[in-house]
Amino acid sequence: METSEIRRLIALEDGHWWYRERRAVLRRELRRLARLGRPGRALDIGAAGGGNTRVLVEAGWDATATDSCQAAVETARRRGLKAVLADARALPFEGESVDLVTAFDVLEHIHEDDLAAAEIARVLAPGGHALIAVPCDMALWSAHDDAVGHVRRYGRDSLTVVVEGAGLTVDRVWSWNVLLRPLVARHRRRSTGSDLGRMPLIVNAGLSAIVRAERYLPVKSLKGVSLFLRARRGR
């Protein structure tokens, strides 16, 4: 992703419905992991300004943000987070050194997504977990994907193949932003560039409420705008 898009994301992520509701998904997953044991060391790949890294820290994890953009790393550091400039295909961390890796909207930017997945597997300690989010379905490809530097959008099978090919065991794959998919598809057909931008507060609140409703509805097996995947490294 271009530095200008990273800066735009950083400016939006605290209040924008998309990023706020994804952080809610992360919090739910961290609560699930808390039932398995105490928080350990976490790595947030492609962290931008560290919005998700802050969630990890708040939950008690010893978290480090990484990004390939220097401006993103500097922003995360100004926010008091540990941050490292790093390429997801060659992480500067020892093997089997972290207990959790998060990679939200990272793999779709990388031509060699298999190398990035292999690095996630390499740095995970035995029994460690990975939580990955990606945009789904090439049918939704639009000018937005071009503008933000996407290489691909994933299906459940293609994402699973990449993660399992790295040696991880996939526990679950589920759709997110299902209810808004028709609206997103219509908007993307007309889009001429990145969707990242501020919106009226009432619109932001309304979209947030719709996505929040998915927590209570049996829609995670249907087609959405994004996919989440949870995987683990064997002991």
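Analyst: The model is a predicted one. Asp 137 belongs to the loop that runs between E5 and helix H6 (143-147).

User: What is the phi of Asp 137, and is the residue buried or exposed?

Analyst: Most residues other than glycine have a negative phi. Asp 137 is not a glycine, yet its phi is positive, at about 75°. Its relative accessible area is 17%, and buried means under 20%, so Asp 137 is buried.

User: How does Glu 96 count by its relative accessibility?

Analyst: Glu 96 is found in the loop between strand E3 (82-85) and E4, and its phi is positive, near 55°. Its relative accessibility is 43%, which lies between the cut-offs of 20% and 50%, so Glu 96 counts as partly exposed.

User: How many aromatic pairs are there, and of which kind is the pair of Trp 17 and Trp 18?

Analyst: The count comes to five aromatic pairs. In the pair of Trp 17 and Trp 18, the ring centres are 5.7 Å apart and the planes stand at 75°. Both residues are buried. Planes over 60 degrees apart meet the cut-off, so the pair is edge-to-face.

User: Which parts does the pair of Trp 174 and Phe 228 tie together?

Analyst: Trp 174 and Phe 228 are stacked, with 5.5 Å from centre to centre and 15° between the planes. Phe 228 is buried at 0% relative accessibility, and Trp 174 is buried at 5%. Because the two residues are 54 apart in sequence, the pair ties together strand E6 (residues 169-176) and strand E7.

User: Over which ring does the charged end of Arg 172 sit?

Analyst: The ring in question belongs to a member of an aromatic cluster that also holds Trp 17, Trp 18, Phe 104, Trp 176 and Phe 228. The charged end of Arg 172 is 4.2 Å from the centre of this ring, that of Trp 174.

User: Is Arg 230 buried or exposed?

Analyst: Arg 230 is found in strand E7 (residues 226-232). Among the residues it touches are Glu 29, Asp 171, Arg 172 and Trp 174. With a relative accessible area of 12%, Arg 230 is buried.

User: Which element gives the largest share of the lining of the second largest pocket?

Analyst: The second largest pocket has a volume of about 250 Å³. Its lining of 14 residues includes Leu 36, Asp 99, Gly 127, Gly 128 and His 129, which lie nearest its centre. By class the lining has six nonpolar, five polar and three charged residues. The largest share, five residues, comes from E5.

Note on methods:
Residues are numbered from 1 along each chain as its sequence is written. This is a predicted model: local features need pLDDT of at least 70, side-chain atom pairs count only at pLDDT 80 or more; totals for chains, interfaces and linings use all residues. Side-chain values use heavy atoms; hydrogens and water are left out. Helices (H or I, at least four residues) and strands (E, at least two) are DSSP runs, numbered from the N terminus. Buried means under 20% relative accessible area, exposed over 50%, partly exposed in between (1.4 Å probe, protein chains only). Contact means heavy atoms within 4.5 Å. On a 1 Å grid over the protein atoms alone, a cavity is a set of points where a 1.4 Å probe fits but cannot get out, and a pocket is an open set with protein on both sides within 12 Å along at least five of seven lines; lining residues have an atom within 4 Å of a point. Grid points are joined across faces, edges and corners, and a volume is the space filled by probe spheres set on the points. Ala, Val, Leu, Ile, Met, Phe, Trp, Tyr, Cys and Pro count as nonpolar, Asp, Glu, Lys and Arg as charged, and the others, Gly among them, as polar. Rings of Phe, Tyr and Trp (its six-membered ring) pair if their centres lie within 6.5 Å; planes under 30 degrees apart count as stacked, over 60 as edge-to-face and the rest as tilted. A charge sits over a ring if NZ of Lys or CZ of Arg is within 6 Å of the ring centre and within 35 degrees of the ring normal. Lists of a residue's contacts leave out its neighbours within four places in sequence.
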